[in-house]
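Subject: Two-chain model, handover

Hello,

Please find the structure below. My notes on it follow.

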Amino acid sequence: MYEALMKEMLAEYGADTLKGIHHFIPDKEPRKYLYHLIQDYPNRGGKGFRPGLCIAACKAYGGTMELALNSAVSLELLHNAFLIHDDVEDESFYRRNKPTMHEYNNRAIAINVGDAMNVLALYPLFKNKEIVGPKLSEKIFTEVQHMVLESVEGQALELGWRRDNICTLKEADYLRMILKKTCWYTCMHPLRIGALIGTSGKIDPETFNRLGYFMGTAFQIQDDILNLVAEEKKYGKEIGGDIIEGKRTLMLIHLLEKCNKNELEKIKQFLAVPIKERDSATATRILSLMHKYQSIEHSKKTAQYMAGAALKEFYSIFSGLKESKDKKFIESIILYMINRDY
Amino acid sequence: MAEKNKNSTGKKKGSTLTDNLFDLLNPDNVLGNAQKVISSAVNVLEEEIAAGILAAKRIEKKVIDTDSLKGNPDDLMSRIRRDTHEAIDIFLDAFAALSKQVGILNSSLTKNENAEATAAASATSTTKTANVFSVIEADAPVKAGQTVKLYMSISDTTLKQAVKVQLNKHDLSGTGSQKISSKNILLIPSAFNLKKDEEKEIEIQVKVPANTKSGRYFSLITDSSNAAVKTIFEIDVTA
């Protein structure tokens, strides 16, 4: 029941946001090398999680889709820009069941498309002043500025850890990294921005920090687990790709803490060579070790704890609001995370 | 001492498989694990938020550099004088241009403004002069028969107590003799009390009559309680 509602509303808000994205893409040259490519990732149909949360939070607090749409469009454009750049940085092959942009073009074009999307994301924010007034627009702009800064800081941490092959990370390091890299821009700021718009700037956005953080953490851990255990077609990325990329997931950090010296040395050696030289046989052995040391099980539980904490936060924040489809939608996302069976 | 008998995961050293199974089946243990994970996560969040606030404060300080300004009063005064002269120059240029084009801002008002600006310069009341005069433009042209909204905000950093603000609107004047009556202008709010450290947002609504000719139109907003507050706004009307 909650899963159906979640999917229905994600699809609805995702479609509205996609229309908005198309509206803000200039219809001019150079189409082949830029503007048509900008449409590619959004058209592949992501989850639409960020605009969905933003619009739902706005409506749950009494706002309308029209008031939140520009902000939602900006969030989704920035998200897709991040994805293009992330794929280059991670040297990923697939995104949403298709080759990544740098794979079917080249790295230079992909980076430029990502840059353009970052710039295009500014205009809906600028136009916000006509819809929500200048004061609230300024607040939203500051929210977005903070969101982007946190995300690049989180990405910097992870890229740095990979470059320096850091293998002594603890769970708290991981939580800090995904707070910065994922939580602010996936959940915390979409909720904060939506609620600010819905209340005409009257609510304290800090109210949503814990809720968004717990949701974002559960979301990221589950996404990383899917990378290891899901069917490739269903997931849309290469399975086990995160191991090859040396991504510092909770499973890898747990494994590095639990495995014996011999195993640790082999994993370190695997992670020390360039991505393209890493072999899938060793990656499969690392996956087996994750099973052996229950790293995946441990991560599933951690994600569940986080989703549980998110539900508690949700009830304390939203229980005072009148019942609405949008309130139920946010609740349904959390319930889906708690009951996820992969 | 109790901590010494535990490893980093909090489990007792030398625990048997039965002990571990019992731990797994024990709901208190599950709750304890969840609590540990959540509490560690919350600590990370609080630390990061605190670090963010501190970093933001440092950036603000760098941009404004208030300490160095305070430390050199001569430099501060020369900057104030320079900024004041620049503000007055901009003000006079804008005013002269508007007077030429619009033809409705009469000479007495010009004299009044010049007198105020000069007085402001000699008294070095820079913030007041620079802040109260502003020009607002609509982002896009408006068609005759439609309504356009513009926004302005009013604040006064020098206030010690709340003051009453009563905004007045004036006819919009176009190039030539075209006018849009002030009846078509709505200021929301038009009267209010401005408190210390408060920034008040004003919405200016202009309903452009259907028979209005194309062209640029200017008008002035004044405060009857404070002659220094003057805002010029302009709209571009298309047929």
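**Sheet in chain B**

B:Thr147 has B:Lys207 of E9(B) as its bridge partner. The model is predicted; local features need pLDDT of at least 70 and side-chain atom pairs pLDDT 80 or more, while totals for chains, interfaces and linings use all residues. Residues are numbered from 1 along each chain as its sequence is written, and chains are lettered from A and ligands numbered from 1 in the order in which they are written.

E3(B) pairs with strand E9 (residues 200-207) of chain B in the antiparallel sense over eight bridges. Strands pair if DSSP finds at least two bridges between them; helices (H or I, at least four residues) and strands (E, at least two) are DSSP runs, numbered from the N terminus. Both strands belong to an open sheet of three, ordered E3-E9-E7 (chain B), with antiparallel pairing. Strand E3 (147-154) and strand E7 (185-188) of chain B are at the edges with a single partner strand each, so one side of each has no neighbour in the sheet.

Chain B has six helices and eleven strands. Of its 239 residues, 17% are buried (20 or more other C-beta atoms within 10 Å of the residue's own, with C-beta atoms placed from the backbone).

**Contact between the chains**

Chain A contributes 17 residues and chain B eleven, contact meaning C-beta atoms, placed from the backbone, within 7 Å. On the chain B side, helix H2 (residues 27-64) gives the most, with nine residues. That side divides into eight nonpolar, one polar and two charged (nonpolar: Ala, Val, Leu, Ile, Met, Phe, Trp, Tyr, Cys and Pro; charged: Asp, Glu, Lys and Arg; polar: the others, Gly among them).

**Helix pairs in chain A**

The axes of helix H2 (residues 31-43) and helix H6 (residues 107-120) of chain A come within 9 Å and cross at roughly 65 degrees. Axes are lines fitted to C-alpha atoms, for helices over the stretch in contact, with angles from 0 to 180 degrees between N-to-C directions. A:Tyr33, A:Leu34, A:Leu37 and A:Ile38 of H2(A) make the contact with A:Ile109, A:Val113, A:Ala116 and A:Met117 of H6(A). These residues divide into eight nonpolar, no polar and no charged.

For helix H4 (residues 65-90) and helix H8 (residues 134-163) of chain A, the axes come within 12 Å and cross at roughly 15 degrees. H4(A) and H8(A) are therefore roughly parallel (angles under 35 degrees). The residues of their contact divide into six nonpolar, three polar and one charged.

Regards

Definitions and conventions. Two residues are in contact if their C-beta atoms, placed from the backbone, lie within 7 Å. A residue is buried if 20 or more other C-beta atoms lie within 10 Å of its own, exposed if 12 or fewer, and partly exposed in between; C-beta atoms are placed from the backbone. Angles under 35 degrees count as roughly parallel, over 145 as roughly antiparallel, 65 to 115 as roughly perpendicular and the rest as oblique.
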